[in-house]
Every structure is written in C-alpha cells, then in structure tokens.
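Below are my notes on the fold and one surface feature. Please read them alongside the coordinates.

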Amino acid sequence: MVMSGAGHAYVPAAEHLLYIDSLLRVTCTVMPGPSLVRLEGDIDVTNRAEAVSALQRARRIDADLIVDVGRVGFIDLAGLRSLLGLAACDGVVVRNTPRQMRRLIDVLGLPPLD
C-alpha cells in the first residue's frame with residue numbers, strides 16, 4: 001500500500017504480461033473495479049490460440065474486464081469471433097475498436113464490440 005500526497009492509501013496497479021510474440025502483446029493491468037486488458041499488434045492464425053488463452057487467463061485474474069483493442073492492427077475472422085465471444089460475457093467491455101475492425105464487423109453483419 002502506498003500513501004498519496006493527500007494522505008489517502010491506494011494500491012498501485014499491477015501489470016501482468018499474458019502473452020508476447022513478434023506480432024502481438026497482451027497485458028492485464030489489475031485495478032480497483034474492472035481490470036484493463038490491452039491487445040497490441042496483429043492476431044492471426046499464428047497466434048490466435050495463444051491470444052484466446054491469454055484472454056481466458058485475464059478472466060481468471062478478474063471477472064470484470066475492460067479490453068482495449070485500439071492498438072490491434074490486424075485481426076483475422078476467427079480471432080474476431082473469439083473476441084466477440086468474450087465481449088458477450090458478463091463483466092466484459094471492449095473499447096477503442098479500430099476502424100478496420102469495425103468495418104469487418106459491419107461487412108459481416110456481426111454485432112458491434114463497443
């Protein structure tokens with residue numbers, strides 16, 4: 001526990017590296033309230049299973065998650081479907097959906113992420 005300048009106690013956020021490869025980095029920052037999961041990079045056939053596994057680990061860390069996909073440059077259809085499945089879970093909010101991901105969702109007639 002750390003004391004702020006105003007004398008209030010707070011617990012610093014802890015960031016967990018859930019997955020990293022040459023294309024993708026997945027982190028989970030544990031915070032009061034929903035924890036923040038960040039996906040940065042590309043999700044394709046080479047890392048999709050690991051990305052899904054990382055998101056499942058994040059759900060074990062905290063049932064309430066904010067999943068930030070704003071730095072995802074590419075996602076294949078299977079990865080997008082996995083992300084949509086996670087977004088349908090109670091306590092999960094997906095935010096910062098990139099334009100190209102929104103376009104793919106619209107073209108396929110899938111439900112929006114955020």
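**Notes on the sheet and its surroundings**

1. H16 has C28 in β4 as its bridge partner. The two strands concerned, β3 and β4 (residues 24-30), run antiparallel and are joined by 6 bridges. They form a hairpin with 3 residues between them. Strands here are DSSP runs of E, at least two residues, and helices are runs of H or I, at least four residues, both numbered from the N terminus; two strands pair if DSSP finds at least two bridges between them.

2. This is a predicted model, in which local features need pLDDT of at least 70 and side-chain atom pairs count only at pLDDT 80 or more, while totals for chains, interfaces and linings use all residues. Residues are numbered from 1 along each chain as its sequence is written, and side-chain values use heavy atoms, with hydrogens and water left out.

3. The open sheet has 5 strands in the order β3-β4-β5-β6-β7, with mixed pairing. From one strand to the next the twist averages 20°, with axes fitted to C-alpha atoms, for helices over the stretch in contact, and angles taken from 0 to 180 degrees between N-to-C directions.

4. Strands β5 (residues 35-43) and β6 (residues 65-75) pair in the parallel sense, over 8 bridges. Within this pair, G41 stands opposite V72 in β6.

5. Helix α2 (residues 77-87) lies across β5, β6 and β7 and runs at about 170° to β6; contact means heavy atoms within 4.5 Å.

6. V107 lies in helix α3 (residues 99-108). V107 counts as exposed because its relative accessibility is 53%, the cut-off for exposed being over 50% (1.4 Å probe, protein chains only).

Methods: Buried < 20%, exposed > 50% of the residue type's maximum accessible area, 1.4 Å probe, protein only.
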